[in-house]
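Have the sequence and the model open side by side.

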Amino acid sequence: MTEGRHTARLVLQGHIIDSMMLPQVMDLVMDLGGNFTIEELKVGQHKTDTSICRMEVYADSAEQLDRIVQRARALGATAEHEQPVRIDKVAHDGVFPEGFYSTSNLPTEVLVDTRWLPVENIEMDAAIAVDRQAGRAWCIVFQDAKPGMEVVIGHQGVRVTPLERSRHTEIFSFMGSEVSAEKPKKVLIAGIADEMRQVRDSGGRILVVAGPAVVHTGAGVYLSRLIELGLVQVLFAGNALAVHDVEAALFGTALGVNIASGLAIEHGHEHHMRAINRVRAAGGLRQMVERGQLRSGVMKSAIEHGVEIVLAGMRTALRGVRIALMLSTMLHSIATGNMLPAGVRTVCVDINPAVVTKLADRGSWQSIGLVTDVESFLRELALVVETGRHG
């Protein structure tokens with residue numbers, strides 16, 4: 001080692017080739033002005049085999065080395081001789097200790113005493129709480145922080161596992177998270193339909209995050225059909241989707257525009273308020289369905305088929321979700337994406353390429369972005385799921 005240089009030994013273990021961890025760490029070290037020497041590299045010979053790499057990293061200052069090591073940890077690297085996590089206690093309600101570890105949405109473990117504990121309910125931009133006696137670690141958000149609770153601080157003793165490149169779901173690995181209006185949509189939708197059927201048949205949960213454009217474009221009937229086919233277990237939306245869906249069922253309009261003809265209806269601007277009033281008079285959406293007052297629409301299908309409907313407060317409904325469709329609602333989709341573990345497949349659909357880019361940019365191999373009309377997407381998806389044929 002050159003005189004005056006600072007060094008650290010890093011270990012990369014797992015599917016470091018498939019996940020691109022190894023080249024990413026190499027690029028990172030060089031980009032931040034450091035250098036490295038590969039001391040050991042054993043590459044798995046089969047797709048189920050893991051690989052291991054030990055490298056020595058060099059930097060001109062302790063600060064530069066610390067920056068490289070912290071960034072490398074976020075990509076999945078660990079120190080050769082890992083020390084247990086450092087812990088500090090919450091002092092005030094809703095306030096994390098200074099220097100708390102801010103999570104990614106990748107699978108994460110923490111070294112508590114001598115045991116690596118998986119972090120439960122992993123999500124982005126949270127902290128990690130630890131219960132030493134119970135041998136547990138889990139994600140908490142600000143409102144969960146209570147005085148006396150132990151929280152991980154710093155990066156020491158934290159290990160993340162990047163996702164390996166998908167081998168069994170070719171439609172996700174083929175297209176990745178590139179966003180383009182030129183993609184072969186029928187091929188993609190057929191692959192998405194197949195993935196959804198696999199998740200349904202294996203008992204997994206499918207989430208749909210939907211905006212009111214689903215109703216405005218006339219796509220509500222296709223979303224209802226997916227629900228009826230057992231391909232939606234959780235529905236996230238704002239009040240707008242529910243209101244316009246009920247308006248469409250009662251009056252055939254969305255925001256006063258006839259869905260079938262696209263023509264504005266006289267006094268149609270009042271319809272959404274009249275729809276709300278009828279729901280309130282009945283005591284709720286479920287009561288309207290039970291009394292036969294709501295005879296069609298997404299909300300009716302969801303209620304009749306036991307779908308978990310969340311119009312506010314989404315986090316607890318995400319447990320067990322394995323695939324998520326994000327349909328023409330940027331803000332709800334971004335919020336949901338931040339709470340989803342990285343391994344959840346996501347399909348982002350919007351007519352605006354900028355929105356799709358923002359939503360799909362959550363990982364290289366588990367997200368698909370489609371720039372298209374949501375009605376076209378849902379119509380084709382419902383057709384393929386139901387019949388196995390393209391339109």
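Contact here means heavy atoms within 4.5 Å. This is a predicted model: local features need pLDDT of at least 70, side-chain atom pairs count only at pLDDT 80 or more, and totals for chains, interfaces and linings use all residues. Residues are numbered from 1 along each chain as its sequence is written, and side-chain values use heavy atoms, with hydrogens and water left out.

Start at Ile351. This residue sits in the loop between β19 (345–350) and α12 (353–360); helices (H or I, at least four residues) and strands (E, at least two) are DSSP runs, numbered from the N terminus. Its relative accessibility is 60%, so Ile351 counts as exposed (over 50% relative accessible area; buried is under 20%, partly exposed in between; 1.4 Å probe, protein chains only). Ile351 touches Val371, Thr372 and Asp373, leaving out residues up to four places away in sequence. Asp373 is 22 residues away along the chain, yet the two C-alpha atoms are 5.3 Å apart.

Now go inside. A nonpolar core is a set of buried Ala, Val, Leu, Ile, Met, Phe, Trp, Tyr and Cys residues joined through side-chain atoms within 4.5 Å. The largest has 49 residues, and Val214 and Phe377 are among those touching the most other members. Helix α13 (residues 374–387) gives the largest share, seven residues. Beyond neighbours within four places in sequence, the contacts of Val214 include Leu241, Leu327 and Leu378. A second, separate core has 19 residues, including Met55 and Leu65.
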